[in-house]
Amino acid sequence: MANFQTGRRRFLAGLGAAGTTALLGGCVTSTSSGKSSSKGPVTLQSNLSAPQAKAAMEDLVAAYGKKGSGKAGLNTVAAETFRTQLPTYLTSANPPDVYTWYPGSVANAYAKKNLLLDLDEVWSSSPDLKRYTKALNSLCTASSGKKVFVPNTYYWWGMFYRKSHFAKWGVSEPKSWDDFLDLCDKLKSKGVAPIGLGAGGNTPWVASAWFDYLDIRINGAQYHRELLAGKHRFDDPEVRKVFDRWQEVLPYFDPNGVAIPFQDATTALLNGHTGMMLIGTFFADAAPKSALDDIDFFRFPVIDSKVPLAEEAPVDGYFASVRTGRRDQVFDLLRYLATAEAQEIYIKGSSGTVLPCNPDAKDAGTALVKKGRKHVDAAAEITQFFNRDSSDALQPTADTALTKFLAKPKSIGGILTDWQRDAEKIWNA
Amino acid sequence: MSANSTALRRKRAATAGFHLGAGALAVLWLLPIALVLVTSLRSFDDIAAHGLGSWPQSFTLGNFHQAWVDGGQQRALINSLLVTVPCVLVTLALAAMAAFGLSRYELPFRRSLLLLMLGGNLLPPQILLIPVSKLSELIGVFDTLPALIGVQIGFGVGFYVFVLHGFMRSIPVEIQQAAVVDGAGPWQIFWRIILPLTRPALAALSALSFTWIFNDLLWAITVLRSDTKMPITAALIGLQGQYVSMWNVIAAGSVIAAAPTVAVFLRFQRHFVAGLNLGAVK
Amino acid sequence: MAVLTAPERKSPARLPTSGKRARGPRRTPPLVLAFVLIPLLAEALWVFWPALQGFYLALTRWDGVSAPQFVGLDNFREMAHDDVFRSAAGHTVLWLVVFGGLSALLGLAAALLLQQERRGVGFYRAALFLPVVFSLVATALVWQAIYQPDGVLNQLLESVGLGSLRHAWLADQDTALYAVIVPALWRQIGYVMVLYLAGLKGIDPALYEAAKVDGASAWQRFRHVTLPQLRSVNAVVVSVIIIDSLRSFDVVWSLTRGGPYHSSELLSTYMYSTAFQSLRLGYGSALAVVIFVLAFGVICSYLVRAFREAD
């Protein structure tokens, strides 16, 4: 039997709930105004969770402690956890002091919300930072004009391939877009899928590299940055040109490209199932050590020589919370992290395919790294990557649009309209 | 006699049939886990060169050591146990108490209360993540293991109350009446009569809740921040890098992480067996 | 929220000397009230209060860091015009029926198969329960390896001559959702089996004996003894399955993230990606409210019917 008396009870409960929610709503969304304590070591929250990178960070922190001017405590969390929790860290009552993250648009987004510590003093007092390139300087400056970031290392993107395989197939690095298409034809005739891609599984973002590169080759880095910031539309004719050009090479893509994550695509590349892959140097971490010497890369072919040469070279580094209670210790730590010695320690401990931001620091010295340095130095403009130039929130819209394009290239019109609509929701949020 | 021997043969055939059927089912079920085991015994270069689905071409036990030491699983396992054991005990105790009260007594609004408690479990936990982390900060227990224990208890108790209520409802009223006539108070009825009769359910729920709390990831990530306090599930995903993950070490870590829950299940499933006789009184 | 208060004291065992009652105690002893209120308070603190805040967030626009903007029912209006929401809702219903239905049926079948104590039955039960125990990371890893274009499943199909059925199971729009149901079932059935096992243990064996004496076949025993006796357990298990189906998130997210392009999107994955990837916490909370209302509605209607029957 209805022992409920649901009607009246629910009404009263509803009223009570409405009143309480209004009160409670304030609690969950408020940014705390507390500061972290001023005692104890500087807390460094790191997302570099791969065992090698983690060990390298531990070496770095130990070296800092040995110097004696201060102590730092390293806290490593899984990369994906760090990404979802970063807003919570920054807004919590007792935030970590220093964080590993990326400069540019993503750091600027937090700086605009007054969550990042002003680092002008570090930049002006550190002899190392004074010698960093102009590009790095502007990358680490927020839109307010203040420095909020200290860079650590950077890596680059390129078309990677296996030297021995190219020799076996009798092909060599292309110099222009037409050369590139010829190369693809030749590889296809040998039964190899010319272009590998690993945009399946949990790594759909790999496809964005193609979008980025075609955009900066056809429309230039300036247009690309503006597009990602919301100043242009995804259904503009310029963006359409990018996809028209992409259709030219689409037949040469590995048909399994969207079904496998990039680690498996690396395996396919090294086994000779695919010819080359547009990927960043981090992919060398997924390669067996015996193959490392055999890896080489070439620049994404130039399409329009009138467009200033741009390359993707994402920078990693550190920023600090504005509500840290250990301001001076944080400054000291960041000054150390910008030195050549610190960056060399990190590079030695990690896989060695990254380049230090400090102009005096030595890199791993391999032929690949030397070529990479020249490759990046030759560029007039540097972009970071889709999610780093826009925001992590915009990346899934690109993933959806690009995987759909790779499967159904004819529906490009509808795909771009949907992409614009999804992106607007993010830009207007 | 021929009748007996036919019956015996039929029984043997039935047993053989059972083992064949159940065995095939078990093997099918265990195949993916076998794949994890095989992966945990391969070297990283082997997987990188040949892919995950290929036949193994290497054998190494080093992954377990790496997961245990480098992956911090030793400390993480201790953290997991420190959280799980108290949680299971307290949650089931509270749930049994509440289910007892709601099912054996004529409390006003008891059905609504039951639905209310269950309702807490109908919420997708993901949406509670940010409010809970802010709440734990407010109380001052953020980044401590007691916070995780508290969250797990609060979030789990509604469900267990509901399940135990279902089991307790089926106990006949006569048993309780007899005890009241004999002069037992509510505590004695609870402790001496109802609780033993719900033992299969409690054993089942202990095994299940141990599994869930031990394997939980979301709440751990939400209320904990230091890597020294993370339980084993979080330590496991910590083995995944920014771009590249060492699948062999992760597989080894998963095997280590699964061991305690398997042990608990094997221990407790005997108690599903220790049936109950509804006809007994005290 | 209104919380009933009661004095917290343990009453000693009292002899009901004054007025023996025919049925159970009409005034509930304070101990019993405490029994109910303490768990309720624990849940209120950690679940109800954050839940109310979550409901409030559904009326705002919030990105997690800046101040929230109150927008009233705008989020829900947007939902009504959102194509992805509609397809996610459809997928969720499909998931509820297929995944929920199969896990109930197969779980019960497994429990019936393995309920009797024989040699080795412990091993079989453990084998079915093992997937429940294994970490999600390893599960996702292995099933991705199975479903890859050159993975175990396709290789198996080729070897038995069914090579034409090869698919990129998780990357193909048409197969992704169904492909994900398999590992989800693989993980769920052991757990449903455990619940049913506990329920089957509660059935008095004397009833089976009586039925056998009356000449009932195995199927008739099942229909007329087992099923009716399982009714209260069934209410629990079916509710559990409904809740789990509507909250299913882990397996789908770790295998496909709701892709390819939303073809395996469930309401729960859509909510997560909106809240934690697109950082639109207001809209994500609104989706969570919808999931909650859906789950509550389904459970309530089922339970009201079940309670009414039992009484």
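Which residues touch the most other members of the largest nonpolar core? Select A:A107 and A:L334: of the 324 residues in that core, these two touch the most other members. A nonpolar core here is a set of buried Ala, Val, Leu, Ile, Met, Phe, Trp, Tyr and Cys residues joined through C-beta atoms within 7 Å. A residue is buried if 20 or more other C-beta atoms lie within 10 Å of its own, exposed if 12 or fewer, and partly exposed in between, with C-beta atoms placed from the backbone.

The model is predicted: local features need pLDDT of at least 70, side-chain atom pairs count only at pLDDT 80 or more, and totals for chains, interfaces and linings use all residues. Residues are numbered from 1 along each chain as its sequence is written, while chains are lettered from A and ligands numbered from 1 in the order in which they are written.

**Stop 1**

Two residues are in contact if their C-beta atoms, placed from the backbone, lie within 7 Å. Now colour the core by element; its largest share, 17 residues, comes from α7(C). Helices (H or I, at least four residues) and strands (E, at least two) are DSSP runs, numbered from the N terminus.

**Stop 2: α4 and α7 of chain C**

Select residues 121-133 of chain C, helix α4, and residues 176-201 of chain C, helix α7. They pack at an angle of about 120°, with their axes 7 Å apart. Axes are lines fitted to C-alpha atoms, for helices over the stretch in contact, and angles run from 0 to 180 degrees between N-to-C directions. The angle makes α4(C) oblique to α7(C). Angles under 35 degrees count as roughly parallel, over 145 as roughly antiparallel, 65 to 115 as roughly perpendicular and the rest as oblique.

The crossing of these two helices, α4(C) and α7(C), is left-handed. A crossing is left-handed if the near helix is turned anticlockwise from the far one by less than a right angle, and right-handed if clockwise. On the α4(C) side, show C:L128, C:F129, C:P131 and C:V132. They meet C:W186, C:R187, C:I189, C:G190, C:Y191, C:M193 and C:V194 in α7(C). By class, this contact has nine nonpolar, one polar and one charged residues. Ala, Val, Leu, Ile, Met, Phe, Trp, Tyr, Cys and Pro count as nonpolar, Asp, Glu, Lys and Arg as charged, and the others, Gly among them, as polar.

**Stop 3: chain C against chain B**

Show chains B and C together; their contact takes 86 residues from chain C and 86 residues from chain B. Among the elements of chain C that each supply at least two residues to this side are α1 (30-57), α5 (136-147), α10 (231-247) and α13 (281-310). α1(C) gives the most, with 18 residues. The side of chain C that touches chain B has 61 nonpolar, 15 polar and ten charged residues.

**Stop 4: α7 and α10 of chain B**

Within chain B, select helix α7 (residues 145-169) and helix α10 (residues 199-214), which pack at an angle of about 155° with their axes 11 Å apart. α7(B) and α10(B) are therefore roughly antiparallel to each other. Their crossing is right-handed. From α7(B), B:Q152, B:G156, B:Y160, B:V163, B:L164 and B:F167 make the contact, with B:A201, B:L205, B:S209 and B:I213 from α10(B). Seven of the contact residues are nonpolar, three polar and none charged.

**Stop 5: chain A against chain B**

Here 31 residues of chain A are in contact with 27 residues of chain B. Elements of chain A supplying at least two residues each to this side include α1 (6-29), α2 (51-67) and β2 (72-76). By class, the chain A side has 16 nonpolar, twelve polar and three charged residues.

**Stop 6: single residues**

Select C:S87 in helix α3 (residues 83-113) of chain C. C:S87 is partly exposed, with 15 C-beta neighbours inside 10 Å. Beyond four places in sequence, C:S87 is in contact with C:H262 and C:E265.

Move to C:H262, in the loop between α11 (250-256) and α12 of chain C. Phi of C:H262 is near 70°, a positive value in a residue other than glycine. C:H262 counts as buried, with 21 C-beta neighbours inside 10 Å.

End at A:G257, in the loop between α11 (237-249) and α12 of chain A. A:G257 is buried, with 26 other C-beta atoms within 10 Å. Its C-alpha atom and that of A:L406, 149 residues apart along the chain, are separated by 8.9 Å.
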